[in-house]
Amino acid sequence: MTTRIAIAGAAGRMGRHLIEAAHNTEGTQPAVALEAPGHPSLGSDAGVLAGVGELGVNVTDDLVAQAERFDVLIDFTIPEATLANVRACRAAGRAIVIGTTGLSDDQKSELAGAARDIPVVFAPNMSVGVNLCLKLLDLAARVLGDTVDIEVIEAHHRHKIDAPSGTALRMGEVVAEALGRDLKECAVYGREGRTGERDRRTIGFETIRAGDIVGEHTVMFAGEGERVEITHKASSRMTFASGAVRAAAWLADRPAGLYDMQDVLGLKD
Ligand SMILES: NC(=O)C1=CN([C@@H]2O[C@H](COP(=O)(O)OP(=O)(O)OC[C@H]3O[C@@H](n4cnc5c(N)ncnc54)[C@H](O)[C@@H]3O)[C@@H](O)[C@H]2O)C=CC1
Ligand SMILES: O=C(O)C1=N[C@H](C(=O)O)C[C@H](O)C1
């Protein structure tokens, strides 16, 4: 069965890759393309936008009117648009894959509420490599324990609007959970001035925004006499887009619930 995919944020950096990935993946097809009201791409052909040739799918701003045309919505937009799309999918009984980062705690709670009625995949990073790294981080944190200082360093392109990245925060959560810490209480975001000596129980975050960097994350476990670093470097957005399309195909026949990429990839214990 072919999974018909709607793509929100179709003209964005991720949106164009998602159209291409949904078009090139066996068993999926781009069926609806959505953009913000007033966006210059409205009315244009999604395939032409993505550079894969005409698909006969015109970009629209009306998700509700398109509800019968798709099975799963993939959303890589901004938090406010994502929540509006979650509400529309919940009302229409459609599944949704969410890659958007920077959601507030309230927005995440609303999302979890919607997942009682519809299937939702929500993950800050859809690449296989990053999801493997999350498993390695859990192991590293358990083995090295409280004997090391832990720092999360991330670098992204100059257009990114949230910091730290959703992936960096998830990496911090995985490490904190493994060590029995609460990230909200032990995170330190950047340092400046007379900071005093480092507290070993903190987890530090450093953010770089520069040029066209697709996405790089390093978690450093630094002890006395040795240091372990786990690094992931994305060199193409297609790695995220392929993962999101894989998640959409996986989600199409799942019951309502809140899932992540560890579920999609079968990495949950
Ligand atoms: N989970 C993952 O694997 C990844 C997540 N991301 C996240 O995806 C999000 C988007 O990233 P980019 O594509 O780089 O941003 P972008 O700014 O290039 O694209 C976002 C698009 O959403 C559109 N948009 C805004 N409001 C809309 C609405 N109401 N309806 C439909 N479209 C709307 C914008 O016009 C824009 O074209 C960010 O939060 C980013 O952190 C990015 C890459 C990978
Ligand atoms: O905005 C981006 O580009 C990316 N955002 C995601 C995040 O915030 O973790 C994932 C990826 O690193 C690219």
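User: Is Lys-160 buried, exposed or partly exposed?
Analyst: This is a predicted model, where local features need pLDDT of at least 70, side-chain atom pairs count only at pLDDT 80 or more, and totals for chains, interfaces and linings use all residues. Residues are numbered from 1 along each chain as its sequence is written, with chains lettered from A and ligands numbered from 1 in the order written. Buried takes 20 or more other C-beta atoms within 10 Å, exposed 12 or fewer, partly exposed lies in between, and C-beta atoms are placed from the backbone. Lys-160 has 17 other C-beta atoms within 10 Å, so Lys-160 is partly exposed.

User: Which residues does UniProt list for "active site"?
Analyst: The entry is unreviewed. UniProt positions follow the numbering used here, feature names are shortened, and annotations may be inferred rather than shown by experiment. The record lists His-156 and Lys-160.

User: Is His-156 buried or exposed?
Analyst: His-156 lies in strand S7 (residues 149-156); strands are DSSP E runs of at least two residues, helices H or I runs of at least four, numbered from the N terminus. His-156 has 24 C-beta neighbours inside 10 Å, so His-156 counts as buried.

User: What is the strand order of the open sheet of seven strands?
Analyst: Pairing needs at least two DSSP bridges between two strands. The pairing here is parallel. The order is S3-S2-S1-S4-S5-S6-S12.

User: Which residue in S2 stands opposite Ile-7?
Analyst: Strand S1 (residues 3-8) and strand S2 (residues 28-34) pair in the parallel sense over six bridges. Opposite Ile-7 stands Ala-33.
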